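Welcome! Please take a moment to look over the sequence and the model, and then read on for a short tour.

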Amino acid sequence: MKNVVSVMMRKGGAGKSTLTLLLTDALVRMGLNVLVIDMDPQGNAGTGLGRKVQMRAVEARIGKTTLEEPDVLTVIEVIQSGEDGVADEAVLLIDTPGWQYPIDLPFHRGGPLSAGKIGRVGLIPSYSALEDLPASWKPTDFERLAHTLLLPAERGGIAPSHRWDVVLIDTAIARALGVQSAKAAFYALFVTNAEKFGVDAIPETMRLVEDVRDHYYHDGIDVMGLVWNAYSPNQITARALTMDAAQAHTAKQKHWDAPIWPFEIPKATVVSDSHDMAAPVSAFLGTSEKRKPAAKVCQVAEAIALRLLDTIGHPLAGELREAWVQAWPENEQTNVMTKGVA
Ligand SMILES: Nc1ncnc2c1ncn2[C@@H]1O[C@H](COP(=O)(O)OP(=O)(O)OP(=O)(O)O)[C@@H](O)[C@H]1O
Ligand SMILES: [Mg+2]
């Protein structure tokens with residue numbers, strides 16, 4: 001199964017980390033195991049999962065300076081090693097307080113889709129030193145993450161990516177990190193804001209993917225789709241921009257090949273609240289005052305997750321979709337539950 005998806009957009013603040021976390025939440029509540037690879041020196045995906053990398057003093061010092069190192073293995077060591085299958089060794093299992101699920105609650109209150117079954121979340125974290133790493137890369141070094149993640153450690157063994165239902169790579173805007181991420185993925189999933197700069201970044205990101213195909217010899221990457229983030233339906237410019245984008249795609253304009261998925265993640269404070277609290281958005285389904293916006297965001301994330309499962313050909317995709325439609329009370333179903341069914 002081609003289950004490694006790079007969440008991309010060459011613009012800061014487009015919603016890459018947000019979408020990564022929303023999809024993780026949706027997929028694990030569907031009972032699937034998700035590995036998140038943080039490929040951004042900012043480490044936002046890890047912070048959102050409650051596992052920000054901490055620096056600790058090492059024995060060595062020079063002058064008055066105490067040297068520091070990260071408290072856990074990170075994606076840097078994984079890439080530096082470059083050894084087949086080594087990614088397994090760096091996976092942290094997420095069991096942080098925010099990400100412990102209310103197993104007894106129904107799905108629409110933040111619990112699992114099928115009774116008692118919550119998937120596992122794994123994380124390969126990142127921290128600021130990732131920023132400096134690409135300076136040392138030669139052309140062949142851009143395959144390192146692909147080797148560590150997609151190849152088994154020994155012949156006939158299981159590749160790290162195959163231990164998970166879905167592997168999500170949260171990417172950075174830096175070009176070299178984008179190439180490294182795309183080389184390790186079978187699909188790119190685009191996410192951006194319906195704002196001028198957000199839309200301008202779409203062909204820009206497509207150019208990077210094409211570059212990876214043509215100049216980095218990875219024609220195995222497809223762009224599965226584009227979703228909108230932080231969307232306010234009442235904003236006329238946002239509506240106009242999404243329509244322009246759809247038209248550019250239909251007219252087969254150059255660098256507009258990404259299929260535009262009919263999903264808009266609403267702009268909602270509950271999204272940033274979930275980041276602040278290092279908890280999934282679904283945690284707010286149990287509260288009273290944030291329940292409504294949380295339900296809307298969750299349903300969109302779930303619809304995107306299901307479309308992703310369809311695209312990668314996950315064997316449970318159909319079954320999960322049926323269970324999903326049953327799981328939400330009819331009076332709470334927003335139109336995302338009926339539209340965009342593949
Ligand atoms: N749908 C939303 N509603 C409200 N706030 C949002 C939403 N999506 C993102 N945000 C906020 O916008 C900011 C940027 O989002 P995010 O970090 O996901 O973007 P990014 O593409 O990962 O950025 P970077 O390029 O820096 O990694 C964050 O502070 C986040 O909390
Ligand atoms: Mg980010």
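## Buried or exposed

A residue is called buried under 20% relative accessible area, exposed over 50%, and partly exposed in between, using a 1.4 Å probe and protein chains only. Leu320 has 9% relative accessibility, so Leu320 counts as buried.

This is a predicted model, in which local features need pLDDT of at least 70, side-chain atom pairs count only at pLDDT 80 or more, and totals for chains, interfaces and linings use all residues. Residues are numbered from 1 along each chain as its sequence is written, and side-chain values use heavy atoms, leaving out hydrogens and water.

## Around Leu320

Leu320 sits in helix 10 (residues 317-327); helices here are DSSP runs of H or I with at least four residues, numbered from the N terminus. What does Leu320 contact, leaving aside neighbours within four places in sequence? The partners are Met30, Leu32, Leu113, Leu306 and Leu309, where contact means heavy atoms within 4.5 Å. The C-alpha atoms of Leu320 and Ser114 are 9.1 Å apart, although 206 residues separate them along the chain.

## The nonpolar core

A nonpolar core is a set of buried Ala, Val, Leu, Ile, Met, Phe, Trp, Tyr and Cys residues joined through side-chain atoms within 4.5 Å. The largest one has 114 residues, and Phe190, Ile304, Leu308 and Leu309 touch the most other members. Helix 9 (residues 291-312) gives this core its largest share, 13 residues.

Not counting residues up to four places away in sequence, Leu309 touches Leu27, Met30, Leu32, Val166, His314, Ala317 and Leu320.

How values were computed. Chains are lettered from A and ligands numbered from 1 in the order in which they are written. Helices (H or I, at least four residues) and strands (E, at least two) are DSSP runs, numbered from the N terminus.
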